Structure formats: C-alpha cells, structure tokens
Amino acid sequence: MINATAEAIAAQDFDSVVAEHRAQIFRFLLASTRDVDLAETLTQDCFLKAHRNWSSFRGESSVLTWLMRIAINLQKDHWRNRRLQFWRQTRTNAVDLDIASDWLPSGERTAEQRMLAREQVAHVWRAVENLSERQRTVFLLRYVDELDLKEIAHVTGMSEGTVKAHLSRALARVRKELGEKR
Amino acid sequence: MNRMDENPKLVQGNDDLELEPELREAIGNFKTSLSAWTEEAISRPRKLTSRARVNWALATKWALGCAVFIGTVSGGVYENHHQQVAAKAEAARLAEQQRELTAQRAREEADLMARVDNDIAREVPSALEPLASLMEENQGTGN
C-alpha cells in the first residue's frame with residue numbers, strides 16, 4: 001500500500017517534470033536537427049528513458065540538466081546509427097534554412113523590423129548549420145536554453161575550459177556570418 | 001525587444017564572452033523564432049510516421065550498383081578462367097600435334113634410313129660383286 005502510494009507520487013512528480021521541461025527539450029532537439037518529427041521522437045525517447053530511470057535520479061544535478069544529458073546522448077546515438085545505416089535517409093524531414101527562419105512572432109514589430117529580424121535569424125541558422133556537433137550543442141545550450149558554463153560542462157561531460165573554447169569558436173562563426181551580410 | 005535583452009545573465013556575459021548589441025539581438029531573434037516554431041510544432045496534432053523510413057531510391061541505387069559491380073567482377077573472373085582453360089586446351093593440342101609431328105618425322109627418317117641402307121646394300125659396284133656374293137654365301141652358311 002505504501003509502495004503503491006510512493007509510486008503514485010513518483011508518477012505525479014514525473015508528470016510535472018514532463019509538463020515543465022518537454023518544450024525546452026523539444027526546442028533543443030529541434031534546433032539541433034531542424035526536423036520536427038525527429039525532435040518529437042527523440043523527446044519522447046528522452047522522457048521514456050528518464051521515466052525508466054526516475055527512481056535512480058539522485059538529484060545531484062537539476063532535472064533539466066539530467067534530461068538534457070539524456071537528450072544529447074540520444075541524439076548522438078541517433079546520428080551514429082544513421083551513419084551506419086547509410087541506406088536510410090540521414091535528414092528525413094529536416095526543414096530548409098529559409099523556412100526555419102520564417103518562424104517569427106509578428107508582435108508589435110513593423111514589416112521592416114520583421115524582415116530584418118528574419119534575415120538575422122537566417123544568418124544564425126546558417127552559422128549553426130556550419131558548426132561542429134560540439135560547438136552547436138554548446139552554443140544552443142548557452143544561448144537558447146540559457147544554461148551557464150558549469151551546467152553545460154556537466155551536461156556535455158566536457159571541462160568548463162573546453163566548453164568556453166567551443167562557445168568562443170561558435171560565437172566567432174556567428175559573428176562572421178552576420179558580418180558577411182553587411 | 002526580445003527575451004535575451006531582458007535576461008541579465010546573458011547581457012552581462014557571466015562567461016566572460018562579450019556579446020555586442022547586434023550579435024545579442026540576432027541570437028535573441030533566433031531564440032524567439034525557435035520558440036515560436038517549437039510552440040507551433042508542439043500544439044499541432046502529430047502524424048503517425050514510421051521512425052526510420054528506408055530511402056528506397058538510395059537502397060535501389062546501392063543494390064543496382066552492387067549487382068553491376070558483382071556482375072562485372074564475376075564476368076571478368078569467368079572470362080579469365082575461360083581463357084585459361086582454352087589456353088591450356090590449346091597448349092595440350094599443340095603439344096600433341098608436336099608429338100605426332102615428331103613421331104612422324106622420326107618414322108619418316110627411319111624409313112628413309114632403311115631405304116638408304118637398303119639402296120646402299122643393293123647398289124654394289126660391279127668390281128665388288130664377287131666379294132659381295134662371297135659375303136652372301138658366308139651369311140647363308142652362318143660363318
């Protein structure tokens with residue numbers, strides 16, 4: 001009876017974890033793959049894996065960094081498997097960079113501001129596309145998910161110095177891409 | 001105005017990586033765009049898709065490529081083997097022909113020699129005929 005209650009509480013806890021972090025995990029995977037279906041599948045796999053190991057989560061790190069770590073590993077596994085299965089499509093539904101740049105809330109911006117913003121977004125996408133896997137992961141974790149260097153180091157398993165070096169190179173690439181548009 | 005501009009953690013650059021205003025604005029717009037895309041994607045009903053679809057065109061190309069390669073290689077190997085067998089048969093035939101020719105020559109030579117011996121034996125100069133007849137007589141008596 002006590003066990004059943006504990007399980008129910010744990011399940012309820014996990015439901016709230018999914019509700020709280022699903023969008024963020026999905027956004028990270030979407031930014032990494034530009035493939036909505038793939039991002040959804042990997043997000044589901046991530047929460048499935050997290051659910052299976054929920055009892056062993058000791059809370060040494062935040063739930064988000066733990067989930068991010070699972071998501072990154074799943075993504076790596078996915079690309080590794082795809083490389084081996086060369087006859088399968090590598091980017092099944094990856095959206096074109098220009099289409100990916102179309103997503104901008106209209107807000108209070110003028111048409112000109114929106115056009116400028118769209119152009120900037122396209123340049124950042126182009127730079128992100130050309131980053132190495134590690135640089136891209138670090139860049140997205142820092143500037144999209146707003147993790148700090150320590151958290152990124154924990155999530156990626158790199159040292160803080162390495163994270164900083166990757167981040168610096170990624171920023172240089174984005175800077176260069178934005179500079180070329182002028 | 002985007003969320004990044006409001007976030008002191010990123011504006012201050014706690015990682016010592018300074019972001020100039022334009023770069024900050026561009027990354028902020030990128031994040032806003034990505035979040036809008038995420039919201040739209042999450043709220044839409046999900047289609048049922050197979051997780052890993054086989055790219056049949058690519059698979060067919062690979063299969064055809066492999067078939068052509070195997071065909072070319074095995075064709076070459078067969079042709080080479082066929083040529084080797086034909087060459088061996090031809091060599092055997094030539095050797096046999098050579099043997100027959102040699103044997104025939106040997107026979108002809110033997111015949112010729114026998115004829116020559118015979119001719120030499122028969123054509124005895126007239127001055128030696130008495131001697132020859134004596135030899136024949138001796139041969140007849142066994143002496």
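In which helix of chain B does Val73(B) lie? In this predicted model, Val73(B) belongs to helix 4 (residues 56–122) of chain B, where helices (H or I, at least four residues) and strands (E, at least two) are DSSP runs numbered from the N terminus. Residues are numbered from 1 along each chain as its sequence is written, and chains are lettered from A and ligands numbered from 1 in the order in which they are written. Because the model is predicted, local features need pLDDT of at least 70 and side-chain atom pairs count only at pLDDT 80 or more, while totals for chains, interfaces and linings use all residues; side-chain values use heavy atoms, with hydrogens and water left out.

Chain B contains five helices and zero strands, and its elements follow the order α-α-α-α-α from the N terminus. Of the 143 residues in chain B, 17% are buried, a class defined as under 20% relative accessible area, as against exposed at over 50% and partly exposed in between (1.4 Å probe, protein chains only). The accessible surface of this chain amounts to about 10900 Å², with 59% of it belonging to carbon and sulfur atoms; such areas come from the Shrake-Rupley method with a 1.4 Å probe, and for residues only the protein chains shown count as cover. Val73(B), at 40% relative accessibility, counts as partly exposed, and together with Phe69(B), Ile70(B) and Val77(B) it makes a nonpolar surface patch of about 400 Å². Patches are made of residues with over 30% relative accessible area and no salt bridge, like charges being joined within 9 Å and nonpolar side chains (Val, Leu, Ile, Met, Phe, Trp, Tyr) within 5 Å.

Aromatic contacts were assigned to rings of Phe, Tyr and Trp (its six-membered ring) whose centres lie within 6.5 Å, with planes under 30 degrees apart counted as stacked, over 60 as edge-to-face and the rest as tilted. By this rule, six aromatic pairs are found over all chains. Trp125(A) and Phe30(B) form one that is edge-to-face, at 4.9 Å centre to centre and with 75° between the planes. This pair crosses between chains, from helix 5 (residues 111–129) of chain A, which holds Trp125(A), to helix 3 (residues 21–43) of chain B, which holds Phe30(B), and both residues are buried. The pair of Phe139(A) and Tyr143(A) is tilted, because the ring centres are 5.4 Å apart and the planes stand at 55°. Elsewhere, ring pairs link Phe14(A), Phe47(A), Trp54(A) and Trp66(A) into a cluster.

Phe139(A) and Tyr143(A) both lie in helix 6 (residues 133–143) of chain A, four residues apart, about one turn of the helix. An α-helix has 3.6 residues a turn, so residues three or four places apart point the same way. Phe139(A) is buried at 0% relative accessibility, and Tyr143(A) is likewise buried at 1%. Nine of the eleven residues of helix 6 of chain A are buried, so this helix is largely enclosed by the rest of the structure. Arg142(A) is among these buried residues, and its charged end sits over the ring of Tyr143(A), 5.5 Å from the ring centre; the criterion is that NZ of Lys or CZ of Arg is within 6 Å of the ring centre and within 35 degrees of the ring normal.

Seven salt bridges occur over all chains, each being a side-chain nitrogen of Lys or Arg within 4 Å of a carboxyl oxygen of Asp or Glu. Within helix 3 (residues 63–84) of chain A, Asp77(A) and Arg80(A) are three residues apart, about one turn of the helix, and they form a salt bridge in which the closest N and O atoms are 3.1 Å apart. Asp77(A) is partly exposed at 31% relative accessibility, as is Arg80(A) at 45%. A further salt bridge joins the side chains of Glu146(A) and Lys31(B) (2.5 Å, N to O). Glu146(A) lies in the loop between helix 6 and helix 7 (149–156) of chain A, whereas Lys31(B) lies in helix 3 of chain B, so the pair joins two chains; both residues are buried. Arg175(A) and Glu20(B) also meet in a salt bridge through their side chains (2.6 Å, N to O).
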